[in-house]
Amino acid sequence: MVDTNSAVADAALALWLEMWNKDGEIARRICSKDFQIHFLVSDPDGSNPGDDVLGAESFARFLDRYREQHPDVVFSEVSRAVDGAHGRMLWNVQVGDHAAGGIDVFDCTEDGLIREVWSVTGTRAHLT
């Protein structure tokens, strides 16, 4: 059991979608050096771009590429919670007229950095 600084972890989660929407540099501040992300959805060829992410630096580069490829995507928070070393966030994503929802589940380090994330996107948006 990890004794996590919950206030720092919640502050990191509060920046999570700003990071996705605007500034990959935030990853260097809120993610651990051994950070990993797991996406449920794979690319059409079966590969998963998240599999190559290891560490905050790698994730910042991944986010920069993502924003270049998807400049019109906007994520918005529906709700979030932190319980000790674990957090979760419900979010919506908007691309033009299409909206969907998702959930991210987080594991954090003792100092409240995000260490690991499991991310699932759905087919409809969460009600807000």
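Arg88 is partly exposed, with 38% relative accessible area. Here buried means under 20% relative accessible area, exposed means over 50%, and partly exposed lies in between (1.4 Å probe, protein chains only). The model is predicted: local features need pLDDT of at least 70, side-chain atom pairs count only at pLDDT 80 or more, and totals for chains, interfaces and linings use all residues. Residues are numbered from 1 along each chain as its sequence is written, and side-chain values use heavy atoms, with hydrogens and water left out.

Arg88 forms a salt bridge with Asp83. The closest N and O atoms of this pair are 2.6 Å apart. A salt bridge is a side-chain nitrogen of Lys or Arg within 4 Å of a carboxyl oxygen of Asp or Glu. Asp83 counts as partly exposed, at 44% relative accessibility. Elsewhere, salt bridges that share partners join Asp10, Glu77 and Arg80 into one network. By the rule above, the count comes to 6 salt bridges.

Arg80 takes part in two of the pairs described here. Its salt bridge with Asp10 has its closest N and O atoms 2.9 Å apart. Arg80 lies in strand S2 (residues 74-83) and Asp10 in helix H1, so this pair ties together parts that are 70 residues apart in sequence. Helices (H or I, at least four residues) and strands (E, at least two) are DSSP runs, numbered from the N terminus. Arg80 also forms a salt bridge with Glu77, and there the closest N and O atoms are 2.9 Å apart. Arg80 is partly exposed, at 31% relative accessible area. Asp10 is partly exposed at 28%. Glu77 is partly exposed at 35%.

Glu116 presents another setting for a charged side chain. Glu116 sits in strand S5. Glu116 is buried yet has no salt bridge. The nearest side chain of opposite charge, Arg115, is 6.6 Å away. The side chains of Glu116 and His38 are joined by a polar contact of 2.6 Å. A polar contact is a pair of N or O atoms within 3.5 Å; within protein, one must be able to donate a hydrogen and the other to accept it, and residues adjacent in sequence count only if both atoms are side-chain atoms. Thr4 provides a further contact. Its side chain reaches the backbone oxygen of Thr109 at 3.3 Å. Thr4 is placed in the segment before H1. At 9% relative accessibility, Thr4 counts as buried.

Aromatic residues were examined next. The structure holds 14 aromatic pairs. Rings of Phe, Tyr and Trp (its six-membered ring) pair if their centres lie within 6.5 Å; planes under 30 degrees apart count as stacked, over 60 as edge-to-face and the rest as tilted. Trp16 and Phe106 form an edge-to-face pair, 5.1 Å centre to centre, with 90° between the planes. Trp16 lies in helix H1 (residues 6-21) and Phe106 in strand S4, so the pair ties together parts that are 90 residues apart in sequence. Both Trp16 and Phe106 are buried. The ring centres of Tyr66 and Phe75 are 6.5 Å apart and the planes are at 40°, so this pair is tilted. Tyr66 and Phe75 are both buried. Ring pairs link a cluster that includes Trp16, Trp20, Phe35, Tyr66, Phe75, Trp91 and Phe106.

Gly87 lies in strand S3 (residues 86-95). Gly87 counts as buried, at 3% relative accessibility. The C-alpha atoms of Gly87 and Leu13 are 7.9 Å apart in space, although the two residues are 74 apart in sequence.

The surface carries a nonpolar patch of about 490 Å², made by Leu40, Val41, Ile103, Val105, Trp118 and Val120. Patches are made of residues with over 30% relative accessible area and no salt bridge: like charges are joined within 9 Å, nonpolar side chains (Val, Leu, Ile, Met, Phe, Trp, Tyr) within 5 Å. Accessible areas come from the Shrake-Rupley method with a 1.4 Å probe; for residues, only the protein chains shown count as cover. Strand S4 (98-108) and strand S5 (114-121) each supply at least two residues of the patch. Ile103 is found in strand S4. At 33% relative accessibility, Ile103 counts as partly exposed.

Note on methods. Lys, Arg positive; Asp, Glu negative; His and termini not counted.
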